[in-house]
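Welcome! Open your viewer, get ready to select residues by chain and number, and follow along stop by stop.

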Amino acid sequence: MQTQYLDFERPLVELEQQIDELKQVAGPGVLFAEEIGRLEERARKLQIEIFNDLDAWQKVQLSRHPNRPYMLDYVERLMTDFIELHGDRLHGEDRAIVAGLAKFGDRRVMVIGHQKGRNTKENLVRNFGMANPEGYRKARRLFQLADRFGLPILTLIDTPGAYPGIGAEERGQAEAIAQCLVTMAALKVPVIATVIGEGGSGGALALGVANRVLMLEYAIYSVISPEGCASILWKDQSKAAEAARQLRITAADLHRFGLVDAVIEEPAGGAHRDYEATARKVGAAIGGYLDSLSGMTPDELVGDRYDKFRAMGVFETAK
Amino acid sequence: MGWFGKIRADADAEKRSVDEGLWRKCDECGEARLAEEFAKNLQVCPACGYHYQLDAPGWVNLILDPSSFVERDPDLVAADPLAFKDQKGYRDRSRASRKKTGFGEAMLSGDGKIRDRDVSVGFFVFQFMGGSMGSVVGEKVARVFERAAERRCPAIIFNASGGARMQEGVYSLMQMAKTSAAIARLRATGQPYISVLLNPTTGGVAASFAFLGDVIVAEPKALIGFAGPRVIEQTIRQKLPEGFQRSEFLVDHGMVDFIAPRHEMRSRLALLLDHLAG
Ligand SMILES: [Zn+2]
């Protein structure tokens, strides 16, 4: 994978390159040890400085970081015996959503998530994680399959949004998403959704009607992309950073509102800097919540999910 | 019923001034007719039959038995959970919309009867911020389904919405989940839900309860879809085909059960309810 970095990561990445070069010159000996130590300390402080005070727009960029771990990176690290299941049985196979059976520890589960591509070639297949109706209909088919076999469902959300195209509209994008929502609402198995990157609008929520909703620290969840919001409300795409702030799309904000249940802390510098550590934390969080739901009866699980979403919304009563 | 008389009077007054007196030209066919003719004809062009938007009180009068409508939850109004501000603060925007439309929010909901049968109904108020769905619309729609479940009667929603209320952020997104979950509960009672798609029905409203009707009915030539035509054009950098995302297109693609002209809507709904609810 080619390492890429964001503008605000640049000073850190440059410092780290400097350290690497120095280490190469120094070889295995103690040459430059003091200098290297000094630079490493500076890098550590710089990282804290940059990441302690990220604004919403910087988090948007991190959530879309080209090196960020994607759905299958988690499956590979957290699950065993994964067997992918394809197709919606109606029209086609959409590789922007990946789904399959797996073992998560000693549990048998259904795992379903959006999958982005790492490069142009992969994105031809993955469509940048933007699903067509077939993707949502595959998800729905497998929600129902999991329900029949009593398998807990783990979803991993990472999409800019449902794909806005002619074919998608012809084949009922809105209907496909709506069916996911009503199907998820009635599932009699535990469902845990984790937003690992971009939680883009209805296309994200289609995998998000869960008993517990978790978010990585630098993931975002939004009703509209900041760019889209800026062009509609500000009539100016360049106001995306401002829109990102106003929309309250960060994990911290949404947790404060009670719209997500937990924020999973990312390793220093973001998830893309340490896949193993990120996956471990995600796995631990999901495992913990699965344990806490395991005592519920099927009807209690449906009721728990209903109550959770039924309570979402803030309004006033006019006098 | 408070909003009701007022809105009619306001709307009529506005129409007169907009139409520069008595004449109104149809954007679709170019014919000029007396504005009064449009009003008498339920806002359908007397010349070409194009369906212009009928306001929510107009729908109440058209669909429900006379004097059967009892408005519910009229006092729910938007809060401002995000303290959202673009060029204007959200509180100012929603207040201005209340003043302009005479409605508390983008949804007029309540109980009524169709040919003596109880129904739980909701009508979008498109003039209120484009019929966008925030917490209040989501709450009112969820209560329409919950009342239908409680009273063991059918639910009908008349949709006209551009989608989510951006100013409420993820709260607005979650109304899609909330309303869909309420439909799941209604289904368990065996009561039908009929969704009527008016012009336009797009975005988060389309991608939740609007497309979850046991039967889905559309008005002629209504714009219906997930993404708006402009967004699609920008994404694919192509002109969209003629008639794309219109009701007739959706019927051809299997997404809508049938199209009902406005004049037949009440009788078609009554017949549907006879079949489904016995
Ligand atoms: Zn005409």
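In which loop of chain B does B:R115 lie? Select B:R115 and look to either side: this residue lies in the loop between β5 (107-114) and β6 (117-124) of chain B. Strands here are DSSP runs of E with at least two residues, helices are runs of H or I with at least four, and both are numbered from the N terminus. B:R115 is not a glycine, yet its phi is positive, about 45°.

Before moving on, a note on what you are viewing. This is a predicted model, in which local features need pLDDT of at least 70 and side-chain atom pairs count only at pLDDT 80 or more, while totals for chains, interfaces and linings use all residues. Residues are numbered from 1 along each chain as its sequence is written, chains are lettered from A and ligands numbered from 1 in the order written, and side-chain values use heavy atoms, leaving out hydrogens and water.

Now select A:R248, in the loop between α11 (240-247) and α12 (251-256) of chain A. A:R248 also has a positive phi, about 55°, without being a glycine. With 25% relative accessibility, A:R248 counts as partly exposed; buried means under 20% relative accessible area, exposed over 50%, and partly exposed in between (1.4 Å probe, protein chains only).

The peptide bond leading from B:N199 to B:P200 is cis, with omega near -10°. Most residues other than glycine have a negative phi, and most peptide bonds are trans.

**The zinc ion**

Which atoms hold the zinc ion? Show the SG atoms of B:C26, B:C29, B:C45 and B:C48, which coordinate the zinc ion at 2.2 to 2.4 Å. (Donors are N, O and S atoms within 2.8 Å of the metal, or 3.2 Å for Na, K and Ca; water is not among the atoms, so sites may look incomplete.) The angles between the 4 donor atoms run from 105 to 117°, so the arrangement is tetrahedral, a label that requires all angles of four donors to lie between 85 and 135 degrees. Along the sequence, the donor residues follow the spacing C-x2-C-x15-C-x2-C.

B:C29 sits in the loop between β1 (23-25) and β2 (32-34) of chain B, and B:C45 in the loop between α2 (35-40) and α3 (56-63) of chain B, so this pair ties together parts 16 residues apart in sequence. Colour by accessibility: B:C29 is partly exposed at 34%, whereas B:C45 is buried at 2%.

**Inside the protein**

Select A:Y221, B:F145, B:I156, B:F158, B:F209 and B:F211: in the largest nonpolar core, of 175 residues, these touch the most other members. A nonpolar core is a set of buried Ala, Val, Leu, Ile, Met, Phe, Trp, Tyr and Cys residues joined through side-chain atoms within 4.5 Å. Helix α6 (residues 169-189) of chain B gives this core its largest share, 11 residues. Another core, of 15 residues, lies apart from it and includes A:L6, A:F8, A:A26 and A:F51.

**Where the chains meet**

Finally, show both chains. Their contact (heavy atoms within 4.5 Å) takes 50 residues from chain A and 59 residues from chain B. About 4800 Å² is buried between chain A and chain B, with carbon and sulfur atoms giving 70%; buried area is the accessible area (1.4 Å probe) that two parts lose on being put together, summed over both. Highlight A:E169, A:Y306 and A:R310 to finish: they supply 15% of the area chain A buries against chain B, more than any other three residues.

Technical notes
Tetrahedral: all angles 85-135°; square planar, octahedral: opposite > 155°, others 65-115°.
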